Amino acid sequence: EDEQVKAALVQFIEKLWGGNAQRNQSWGWNVGSDPCNDQWLGVTCDSRSKTVRKIVLNKLNLAGTLDAGSLCVAASVSHLSLEGNNIYGSLPGEIGNCTNLTHLYLSGNRFTGSLPESMSRLSNLKRIYVSNNGFSGQLPNLSRISGLLSFIAENNELSGAIPSFDFSNLQEFNVSNNNFSGPIPDVQGKFSADSFLGNVGLCGELLSNACPPSSPTPPAPAPAPKEKLKESSTDRTLMYSGYAILGLVVVVFVAFKVGSKMRSKEEKLGEKKKGRAVSTSSDKPSGISSDYKTGTTRSEYSITSAESGMASSMLVLLTSPVAKRLRFEDLLRAPAELLGRGKHGSLYKVILDDGTIVVVKRIKDWSISKDNFKKRMQRLDQVKHPKVLPAVAFYCSNQEKLLVYEYQQNGSLFNLLHGSRHGRPFDWGSRLNAAGSIAEALQFMHEELWEDGIAHGNLKSLNILFNNAMEPQISEYGLMLVDNEDRSLLSKTNLAGYVQKQNSFNVDIHSFGLILLELLTGKLVHSNGIDLTNWVQSVVREEWTVEVFDRVLVSEGASEERMVNMLQGGSSAGCEASGAGTSPTRGHREAATRRGA
Ligand SMILES: Nc1ncnc2c1ncn2[C@@H]1O[C@H](COP(=O)(O)OP(=O)(O)OP(=O)(O)O)[C@@H](O)[C@H]1O
């Protein structure tokens with residue numbers, strides 16, 4: 001390399017070292033040697049031109065700043081990787097001078113400030129990884145980079161609208177856990193909601209969260225060409241007659257349509273009177289949300305007309321004091337809004353006539369008999385814990401299984417952890433309280449329902465809701481049998497001698513462990529193909545334990561010792577689940593939940 005480049009690179013590394021310049025002299029980076037011939041640590045050179053091509057300095061405890069001005073003097077650098085360090089400060093605008101850069105990996109540092117607009121000039125960029133930093137502000141217009149394959153930026157503070165990247169070209173994309181807002185651009189079916197979760201301001205079909213209709217701005221009237229102003233009166237007469245004829249055609253067409261609609265309604269009524277059962281579409285409930293939005297007050301669940309007469313008697317009211325006189329017709333009539341379409345069904349928010357707000361969970365594909373479903377719900381109703389949200393009512397027919405719960409307006413643990421961070425911070429004390437409450441409630445339910453073999457089956461932060469007093473409540477207890485995915489999870493973790501009943505309880509404990517890890521790290525359980533447990537384990541193995549904790553907790557001054565204890569609880573809950581073997585005793589299970597708490 002030429003002298004000027006060497007001097008610039010030495011300056012670059014010294015800035016990265018921060019205060020550790022002396023300690024790192026063994027890396028070989030000094031002006032008296034050559035990066036290519038003397039193999040500076042982390043440097044790869046082009047074998048022909050003998051110029052620096054790659055700089056890879058991952059996980060080396062670099063705790064300084066990035067001097068892009070010096071770096072880019074080495075114009076040949078195409079690959080910069082500084083992941084998993086402690087680099088702080090901004091990514092300087094001079095990065096735009098590294099015009100040969102194709103790969104930029106900066107994830108897992110303490111960068112702040114915005115991503116500079118000059119990045120949009122880096123037209124050779126293929127992969128950008130900037131996740132797990134404190135980057136904020138709007139994104140530069142990276143959509144100008146036509147060959148971009150990856151943009152990974154989760155867990156930052158980035159905001160504003162998501163620019164329309166060339167999604168047809170992108171292979172990887174993740175902006176979850178930021179503060180982005182506005183509509184999700186058309187991802188051309190290539191990415192799922194996971195890539196966008198944790199941005200409360202975002203809306204769009206992917207998140208089952210319709211965007212507010214944008215007020216259409218009326219097109220500005222085109223300036224009238226001079227000749228038009230001089231239209232003759234004959235022209236005007238012709239024009240008005242045209243409009244009149246067109247109007248007449250429209251009126252006749254509408255009258256015809258209305259007439260035929262009324263006729264078909266009368267025919268349908270006639271058929272009904274004759275007692276013929278007519279099935280409504282089983283997809284009908286999705287219409288509820290649009291009814292809600294257009295202000296229509298009628299909504300329909302998919303029951304056959306043969307059942308509809310009996311529907312009221314088939315809605316079983318439980319002992320909850322909420323909506324004591326609820327009838328199935330009330331649910332049908334009330335305006336409803338689709339809150340989510342999950343793996344196990346859809347959830348609607350329904351406002352009843354008396355103003356009570358409930359949610360209706362419409363369970364999908366659960367091959368449980370009507371009788372067993374009824375028994376299960378009634379048994380669950382007998383087991384009450386203040387931190388477990390009871391169902392208000394249920395409905396069960398051959399076509400439908402519906403559960404009614406009271407609406408909890410303070411949202412879920414998932415929202416608190418991964419939603420906008422503008423609101424009240426979710427501090428260490430509140431997180432400990434949530435962890436303790438969940439452990440206590442889960443232990444109680446497991447003890448009470450052990451004989452019946454009813455575990456939660458789907459415990460996750462989305463199912464921990466906060467009531468008016470901001471106390472956590474486990475919701476949807478016992479609504480799911482452990483599904484195949486979870487079973488394979490257990491067999492992967494060497495669970496010998498499969499016993500379904502015990503497994504269901506073990507899956508809950510494993511899920512509880514994951515919630516503890518989520519509380520500690522503030523990170524999503526699955527993000528961009530990375531599993532939270534594996535990530536935590538790998539960071540702890542590298543003895544970087546403090547790196548796993550949510551930055552909010554660290555800056556709040558939460559006790560590191562207590563966080564480490566809880567981390568061990570979280571990991572051991574997962575291990576208890578997988579290592580419990582063929583026959584976990586009740587004591588065994590209690591120990592697991594207590595240790596977690
Ligand atoms: N009783 C409730 N009050 C308020 N919000 C609720 C209530 N129950 C669920 N929610 C919220 O509604 C959203 C959708 O819930 P839903 O149960 O459909 O999601 P899910 O748990 O991902 O689904 P699934 O269990 O089918 O995978 C979630 O954000 C959840 O936190």
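Which strands make up the open sheet of six strands, and in what order?

**View 1. The open sheet runs E4-E6-E8-E10-E12-E13.** This is a predicted model: local features need pLDDT of at least 70, side-chain atom pairs count only at pLDDT 80 or more, and totals for chains, interfaces and linings use all residues. Residues are numbered from 1 along each chain as its sequence is written. The pairing in the sheet is parallel. Strands (E, at least two residues) and helices (H or I, at least four) are DSSP runs, numbered from the N terminus. Two strands pair if DSSP finds at least two bridges between them. Strand E4 (88-89) and strand E13 (201-203) are the edges, each pairing on one side only.

**View 2. Strands E6 and E8 pair in the parallel sense.** E6 spans residues 110-113 and E8 spans residues 134-137. Two bridges join them. Gly113 has Phe135 in E8 as its bridge partner.

**View 3. The largest nonpolar core has 68 residues.** Such a core is a set of buried Ala, Val, Leu, Ile, Met, Phe, Trp, Tyr and Cys residues joined through C-beta atoms within 7 Å. Buried means 20 or more other C-beta atoms within 10 Å of a residue's own, with C-beta atoms placed from the backbone. Phe394, Val404 and Ile438 have the most contacts inside this core. Helix H13 (residues 500-521) gives the largest share, ten residues.

**View 4. Lys361 lies in strand E17 (residues 357-363).** The UniProt annotation "binding site", from an unreviewed entry, covers Lys361; such annotations may be inferred rather than shown by experiment. Lys361 is buried because 23 other C-beta atoms lie within 10 Å.

How values were computed. Buried ≥ 20, exposed ≤ 12 C-beta atoms within 10 Å, placed from the backbone.
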